[in-house]
Amino acid sequence: MKKLLVTEPIVASNTEHGYLLSGVQTNPLSREWLMNNFIHQVLHGINLSPGMNFYPIVNHATCPCIDYLRISRELIKEKWATVIDFLIENIDKEYYTIIHLDWFYVLDSAVYRRAHHRHPLLVYGYNKDMQRFYVGDFNKNLKFKFKEISFKEVEEGFISDENTRRKTFVNERYLYMEDVILYKNRSYMDYKFNIDMLQHSITDYLNSTNVSNVYAQGDYCYFSSAVFGIDSLRTMKRIVKEGFLNIENYKINYKFATVPLERTHLMVERVKYLREIQNIHIEPYLLDKMDKLYFMYDIFKNMVIKYNLLPDKKDILYRIEEKIQSIIEIEEEFYSEFLKNLVV
């Protein structure tokens, strides 16, 4: 039996972040890097069912806190008797592993025995006696959690040859669906917190631009036509209204709530870091406004859940529109004032 150290990721709404941060946040060296990222956001694939994410995308390829390897499924099948042997060998070498499995075979998945869907999960430990792996994944309710799954589920999910998603450059290369990622925390790195980078990211967020995309490497190809920053909230408000009017049984994308909530949670931690570590004076009223903003996003998240469950959505839709507009106004006030405080 062996378990690598994991912790609840502060950002987990998107898989590329949650699976990485589960291991990376256990390394104290990662804090300065974390404070310089997950500041800006993007609404991409603009239609009535877009996605929400952080901008620029941060994953294993852009994280300076780790060393990583990328191994093809074909090589694993050729060089190891089973994927079980491959995973155990590399966990023994202290590697966290991100691997795609067909969710059809994973008991706690949202589509168990109902549909084939290849999805990544984090493997961080094993128990040979119990024939179980310790993993981080999204369960059938699409909540990130640490849990156990059987060797059999992993083996069947890995070797599945079902054509679960059309092969494209983005899926195979950028989303690494055909590969396995191994990473381990570095014991030393020279990354330093960069307040200019923070200022640029917040300025981009306020101006709804992606001028600072020099910080990104390998962004999704559709980001050129996406909506950024505070404009993503305005667009989200419009899309929710249009979805209600034009799509039967329209449901609000849960990431409309979770990504901004995680971004705001991390901003609360960032303000503490700036005060305690960087010795930057932050006016007390800004701290109060930050806490209020987080509370409003938490209410908004619960409203989204309620909207998606209620048969009659008209009344709550109006309250959701009001909540988004209030959030926009407070965000504009907070971040404008916050930038004035970023003077060492």
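1. In this predicted model, H100 stands opposite P120 in strand β6. The strand that pairs with β6 at this point is β5 (residues 96-102), and the two run antiparallel, joined by 6 bridges. Burial of β6 is complete by count, as 10 of its 10 residues are buried.

2. Strand β1 (residues 2-3) pairs with β6 in the antiparallel sense over 2 bridges, and here K3 has G125 as its bridge partner in β6. Strand β7 also pairs with β6 in the antiparallel sense, over 5 bridges. Within that pairing, N127 has R132 of β7 as its bridge partner. The hairpin of β6 and β7 has 4 residues between the strands, and Q131 takes a positive phi there, near 55°.

3. Leaving aside residues up to four places away in sequence, V135 touches L121, L122, V123 and Y124, together with K145, F146, K147 and I149. A separation of 9.9 Å lies between the C-alpha atoms of V135 and V6, which are 129 residues apart along the chain.

4. An open sheet of 3 strands has the order β3-β2-β10, with antiparallel pairing. Its edge strands are β3 and β10 (227-228), each of which pairs on one side only. Strand β2 (residues 40-44) is joined to β10 by 2 bridges, and V42 stands opposite F228 in β10.

5. Why is helix α4 described as largely enclosed by the rest of the structure? The reason lies in burial: 7 of the 10 residues of α4 (residues 83-92) are buried, so the helix is largely enclosed. The buried positions are V83, I84, F86, L87, I88, N90 and I91. An α-helix has 3.6 residues a turn, so residues three or four places apart point the same way. After α4 comes E94, whose phi is positive, near 75°.

6. The largest nonpolar core holds 102 residues, and the members that touch the most others are W33, F38, F133, F256, F300 and F338. In soluble globular proteins, nonpolar side chains tend to be buried together. The surroundings of F38 may be inspected directly: with residues up to four places away in sequence not counted, F38 touches V11, H17, L21, W33, F54, V58, R263, L266 and R270.

7. The largest pocket has a volume of about 1,400 Å³. Of the 41 residues that line this pocket, A12, S13, N14, F138 and K255 are the closest to its centre. Elements that give two or more residues to the lining are α1 (15-24), β3 (51-55), β6 (118-127), α9 (255-276) and α10 (284-309). Which element supplies the largest share of the lining? Helix α9 does, with 5 residues. By residue type, the lining divides into 19 nonpolar, 14 polar and 8 charged residues.

Note on methods:
Residues numbered from 1 in each chain as written. Predicted model: local features only at pLDDT ≥ 70, side-chain atom pairs only at ≥ 80, totals over all residues. Heavy atoms only, no water. Core = buried A, V, L, I, M, F, W, Y, C linked by side-chain atoms within 4.5 Å. Buried < 20%, exposed > 50% of the residue type's maximum accessible area, 1.4 Å probe, protein only. Contact = heavy atoms within 4.5 Å. 1 Å grid on protein atoms, 1.4 Å probe; cavity = no way out; pocket = protein on both sides within 12 Å on 5 of 7 lines; lining within 4 Å. Points joined across faces, edges and corners; volume = space filled by probe spheres on them. Nonpolar A, V, L, I, M, F, W, Y, C, P; charged D, E, K, R; others polar. Pairing = 2+ DSSP bridges.
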